[in-house]
Amino acid sequence: MTKKILVTGGAGFLGSHLCERLLDAGHEVLCADNYYTGNKSNILHLMENPRFELMRHDVTFPLYVEVDEIYNLACPASPIHYQHDPVQTTKTSVHGAINMLGLAKRVGAKILQASTSEVYGDPSIHPQVESYWGNVNPIGIRSCYDEGKRCAETLFFDYHRQHQLRIKVMRIFNTYGPRMHPDDGRVVSNFIVQALKGEPITIYGDGSQTRSFCYVDDLVEGMIRLMATGDEVTGPINIGNPNEFTIMELAKAVIAETGTESKIIQLDLPSDDPKQRKPDISLAESVLGWAPTVELEAGLQHTVAYFRSLLNA
Ligand code: NAD
Ligand code: UDP
Ligand code: UDP
């Protein structure tokens, strides 16, 4: 059945892939974005589709539209972007959640929140399971993002308990792929752009910290499956790839994939940088029948090809 679906943050990296998938499935998609970190070029190819509509809108302000489902992705996601205007970051997560939940309540829509592995902070248990409450600094430079997302989760669960909203909370782990912002400072985009330009590859700290990288297509599949679950499934549910790499291993994989002459250099580790991160995805496997399918090497190939053409354009 064709649905009317609102995607906030739809002009961003993940949002643009999600809009594309939803249109392919025959739905009507309303994309709301204020272009803070997203870009029209990410969705230009969808503009000709009569089922696609784009509106410039900041989710910290109320929005009155009629929709069946809401995917709430609006929020700067990379440390450089979310630390640029930290107050606005918290407002986007918190006021944005209130407005989208208010909208969902008025129209009776199902609503999914793009939460994050950052709610676990610098985790003291490994891999991270959904029942872990996290280890987050409330006053540090990452707090605007981490605590904003934690508060958004609180709001989702309170609207669920208090107003019986149908909610889906998804904790997204590091995701990469085409249409990542080339200057957002995230490790995969940084390393690839540096490698393609022949510039030094900047490892922060000694490169022993770990992350687990999920390819965007896998992530979007998990997101759509979560939205399709029955009302008893609220999450939170981890979606990510459990294959864990040190940042040094990632640098070497990017060097191998690009064939660059770039050398690795080491810079200071930013404060509050989590030392390790890896999702436990047993819940996603059992509830959604979902597991990632794209290995790092294949995912890097697609991503390098994207950045190569972007830099040559
Ligand atoms: P992105 O920066 O590419 O996309 C975010 C989008 O939200 C952008 O298009 C931006 O313009 C828009 N936006 C920001 N503030 C807004 C506001 N106030 N009103 C309307 N639009 C606004 O980042 P992304 O990687 O695509 O992330 C999408 C979502 O997924 C975010 O909520 C992020 O926190 C979450 N997430 C992403 C990752 C990841 O690895 N990519 C990991 C965990 C969580
Ligand atoms: N809201 C919105 N669109 C709607 C309905 C509500 O943006 O279609 C906003 C509204 O501005 C309010 C917020 O959502 O600030 C929370 O709505 P709710 O009904 O929960 O609270 P109330 O309006 O009673 O404060
Ligand atoms: N990182 C790095 N070099 C870079 C960018 C990031 O070594 O040029 C490190 C960063 O310190 C962190 C990891 O890579 O340990 C992932 O960083 P990213 O900003 O991509 O994501 P997050 O820290 O939010 O997981």
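Visitor: How many strands form the open sheet, and in what order?
Guide: In this predicted model, 7 strands form an open sheet, ordered S3-S2-S1-S4-S5-S6-S11, with parallel pairing.

Visitor: Which strands stand at the edges?
Guide: Those are S3 and S11. Each has a single partner strand, so one side of each is left without a neighbour in the sheet. From one strand to the next, the twist averages 20°.

Visitor: And what do strands of a sheet pair through?
Guide: Backbone hydrogen bonds, in either a parallel or an antiparallel way.

Visitor: Let's start at the S3 end. How many bridges join S2 to S3?
Guide: There are 5 bridges between S2 and S3, and the two strands run parallel.

Visitor: Moving along, how do S4 and S5 pair?
Guide: They pair in the parallel sense, over 4 bridges. Asn72 has Gln113 of S5 as its bridge partner.

Visitor: Is S5 buried or exposed?
Guide: Buried: 7 of the 7 residues of S5 are in that class, so the strand is largely enclosed by the rest of the structure. Both of its faces are covered. Lys110, Leu112, Ala114 and Thr116 are buried on one side, and Ile111, Gln113 and Ser115 are buried on the other.

Visitor: What about S6, how many of its residues are buried?
Guide: 6 of the 6, so S6 is also largely enclosed by the rest of the structure. On one side you'll find Ile167, Val169 and Arg171, and on the other Lys168, Met170 and Ile172, all buried.

Visitor: Which strands does S6 pair with?
Guide: S5 is one of them, in the parallel sense over 6 bridges. In that pairing, Leu112 has Lys168 of S6 as its bridge partner. S11 is another, joined to S6 by 3 bridges and also running parallel.

Visitor: What unit do S5, H4 and S6 make?
Guide: A right-handed β-α-β unit.

Visitor: Switching to the ligands. Which residues come nearest to ligand 1?
Guide: Gly9, Gly12, Thr37, Gly38 and Ala77 come nearest, out of 29 residues around ligand 1.

Visitor: Which element gives the most to that shell around ligand 1?
Guide: H1 does, with 3 residues. Helix H1 (13–24), helix H3 (86–107) and S5 each supply at least two.

Visitor: And how do the residues of that shell divide by class?
Guide: The shell around ligand 1 has 13 nonpolar, 14 polar and 2 charged residues.

Visitor: OK, which residues surround ligand 2?
Guide: Pro62, Leu63, Tyr64, Ile98, Asn99, Gly102, Leu103, Lys105 and Arg106. By class, 5 are nonpolar, 2 polar and 2 charged.

Visitor: Which residues have a positive phi although they aren't glycine?
Guide: Tyr35 has a phi of about 60°, and Gln164 has one of about 60° too. Tyr35 is in the loop between strand S2 (28–33) and strand S3 (52–56). Gln164 is in the loop between H4 and strand S6 (167–172).

Visitor: Are those two buried or exposed?
Guide: Tyr35 is exposed, with 12 other C-beta atoms within 10 Å. Gln164 counts as exposed as well, having 11 C-beta neighbours inside 10 Å.

Visitor: Last topic, confidence. What is the mean pLDDT of the chain?
Guide: The mean is 97, and 100% of the residues reach 70 or more. The model scores ipTM 0.97 and pTM 0.97.

Visitor: Which elements have the lowest and highest mean pLDDT?
Guide: Helix H2 (residues 79–84) has the lowest, at 94, and strand S4 (residues 69–72) has the highest, at 99.

Key. Residues numbered from 1 in each chain as written. Chains lettered and ligands numbered in written order. Predicted model: local features only at pLDDT ≥ 70, side-chain atom pairs only at ≥ 80, totals over all residues. Buried ≥ 20, exposed ≤ 12 C-beta atoms within 10 Å, placed from the backbone. Near = placed C-beta within 6 Å. Nonpolar A, V, L, I, M, F, W, Y, C, P; charged D, E, K, R; others polar. Pairing = 2+ DSSP bridges. Right-handed = clockwise from strand over helix to strand, strands pointing away. pLDDT = per-residue confidence, 0-100. Axes fitted to C-alpha atoms, helices over the stretch in contact; angles between N-to-C directions.
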